[in-house]
Amino acid sequence: MDSNNTAIQIEHLNKVYKLYNRNRDRLKEALGLGKHVNYKEHFALRDVSLSVHTGETVGIIGTNGSGKSTILKIITGVLNPTSGTVQINGRISALLELGAGFNMEFTGIENIYLNGTMIGFSEEEIDAKLQDILDFADIGEFVNQKVKTYSSGMFVRLAFAVAINIDPEILIVDEALSVGDVFFQNKCYRKFEEFKKQGKTILFVSHDLSSISKYCDRVILLEKGEKISEGEPKEIIDMYKKVLVGQLNQNSDTNKSVAYNGGGLWKDQMSLNPNLDEYGSGLAEFEDYCAIDADGLITNSIIKGEECTIKLRVRFFEKIQDPIFAVSFKNMQGTEITGTNTMFEKINTGAPEAGEVMEASFTQNIDLQGGEYLISLGCVGYREGEFTVYHRLYDVFNLTVISSKNSTGYYDMNSEVTVSKVTTG
């Protein structure tokens, strides 16, 4: 390893757990009593090699159980590998299990010194950093109280403040930027950006694909303990979206055939709301629906600025004149952000007969800010002069908008901004 340019070097890393059929088999092996104990080997990590260069921000993404947290715990020394090598060049601060080293009987101040000492700082060095830690945590006089009296919010604020303010050379982050309220999260992200500008090395694991896209120079994809690929954020995020729906090894044309014509239901390839709110007259019913990205892939994740199609199928049980198909987007707070329907768009839907199925597609560029949105679907109309809801699905699935650049408000105006110096005579 070139120690001048490489902060983390991992070679052929394996982490194997033994899964025993019975607890007594585990005990027998621990005591050395059984030569033929039955167990299965589970590879949490299998032959993983990767490097992180000094000053680089590298993201690790993957589904649950892919090995993301395991590899971070091995890097930070919480776990030992079964085989393989890990070399670290620089002092690490890890935002993994925040506050794991805190003593609940100690005060906040005492825990700051305890954690600083464990990391390797002298008391004088911790003295010099103390005010920065207190300012960042912003929990007031509670810092002099025992940690066991803290709310969960105060606890993570202090733990984060300690970890982030010890001036590490390598920062390891595992979903920790989502702690606390929105204002504290903003402070955490500002600190994160400050670290990047200072040229610190950052290894970042997150399910927040917008943050991965925004901050990372390079992204590594893990699946079932193996490294699938690494590369530019957009390329690897696109690959991850295919992993989520089991289509990693299918080309774009195949994905489009799955989205539009394939066997099975579209919605079976989506992550759906298990607590779906629906109602209607029963004269029509949504049979199928999904979101499709610019590559024709059925997905719950869309890259900001790219095309997205909400596709739906409705079966009619009586003849309906001019049914109206509708789609709406809400934010996570329940505010309706935008939406449209076939009446607004002046689309003639005709008069489907009983037993007929109609298909509708709503295609648009997604200029919403990065974040989570809830999609609702409706089939309504006027029957004998009365407004009638034939079938309505509230918050049927979520749509994650992945963004590397957000502006103010709900959507991006895609402003073209120019700045220049003005010379005066």
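Residues are numbered from 1 along each chain as its sequence is written, and side-chain values use heavy atoms, with hydrogens and water left out. Because this is a predicted model, local features need pLDDT of at least 70 and side-chain atom pairs count only at pLDDT 80 or more, while totals for chains, interfaces and linings use all residues.

Q: Which residues of helix H2 are buried?
A: Helices (H or I, at least four residues) and strands (E, at least two) are DSSP runs, numbered from the N terminus, and H2 is the run of residues 68-75. A residue is called buried under 20% relative accessible area, exposed over 50%, and partly exposed in between (1.4 Å probe, protein chains only). Six of the eight residues of H2 are buried, so this helix is largely enclosed by the rest of the structure. The buried residues are Lys68, Thr70, Ile71, Leu72, Ile74 and Ile75.

Q: What distance does helix H8 reach from its first C-alpha to its last?
A: Helix H8 covers residues 233-244 and has twelve residues, with Pro233, Ile236 and Tyr240 among the buried ones. The expected span of a helix is 1.5 Å times one less than its number of residues. For H8 the expected value is 16 Å, and the distance reached is close to it, at 16 Å.

Q: Which residues make up the covered face of strand E5?
A: In a regular strand the side chains alternate between the two faces of the sheet. Strand E5 (residues 92-95) has an uncovered face with Ile92 and Ala94. Its covered face is made of Ser93 and Leu95.

Q: Which residue in strand E6 stands opposite Leu95?
A: Two strands are said to pair if DSSP finds at least two bridges between them. Strand E5 and strand E6 (residues 170-174) run parallel and are joined by four bridges. Within this pairing, the residue opposite Leu95 is Val173.

Q: In what order do the three strands of the open antiparallel sheet stand?
A: E11 (residues 284-292) and E13 (residues 307-316) pair in the antiparallel sense over eight bridges, while E13 and E16 do likewise over nine bridges. The three strands form an open sheet in the order E11-E13-E16. E11 and E16 (357-365) stand at the edges, each with a single partner strand, so one side of each is left without a neighbour in the sheet; the order is E11-E13-E16.

Q: Which residue of E13 is the bridge partner of Ala284?
A: Strand E11 is mostly covered, since seven of its nine residues are buried. E11 pairs with E13 in the antiparallel sense, and the partner of Ala284 in E13 is Phe316.

Q: Which residue forms a salt bridge with Arg218?
A: A salt bridge is a side-chain nitrogen of Lys or Arg within 4 Å of a carboxyl oxygen of Asp or Glu, and a search of the whole structure finds 19 of them. In this one the closest N and O atoms are 2.8 Å apart. Arg218 lies in strand E8 (residues 218-223) and its partner in the loop between strand E2 (39-53) and strand E3 (57-61), so the pair ties together parts that are 162 residues apart in sequence. Arg218 counts as buried at 13% relative accessibility, and the partner, buried at 11%, is Glu56.

Q: How many residues apart in sequence are the parts that Lys146 and Glu105 tie together?
A: Lys146 forms a salt bridge with Glu105, the closest N and O atoms being 3.6 Å apart. Lys146 lies in the loop between helix H4 (123-137) and helix H5 (152-164), and Glu105 lies in the loop between E5 and helix H3 (108-119). Lys146 is partly exposed with a relative accessible area of 38%, as is Glu105 with 42%. The parts that this pair ties together are apart in sequence by 41 residues.

Q: What is the N to O distance in the salt bridge of Arg383 and Glu318?
A: Arg383 lies in strand E17 (residues 371-383) and Glu318 in the loop between E13 and strand E14 (324-331), so the pair ties together parts that are 65 residues apart in sequence. Arg383 is partly exposed, with a relative accessible area of 27%, and Glu318 is partly exposed too, with 35%. Their side chains meet with an N to O distance of 2.6 Å.
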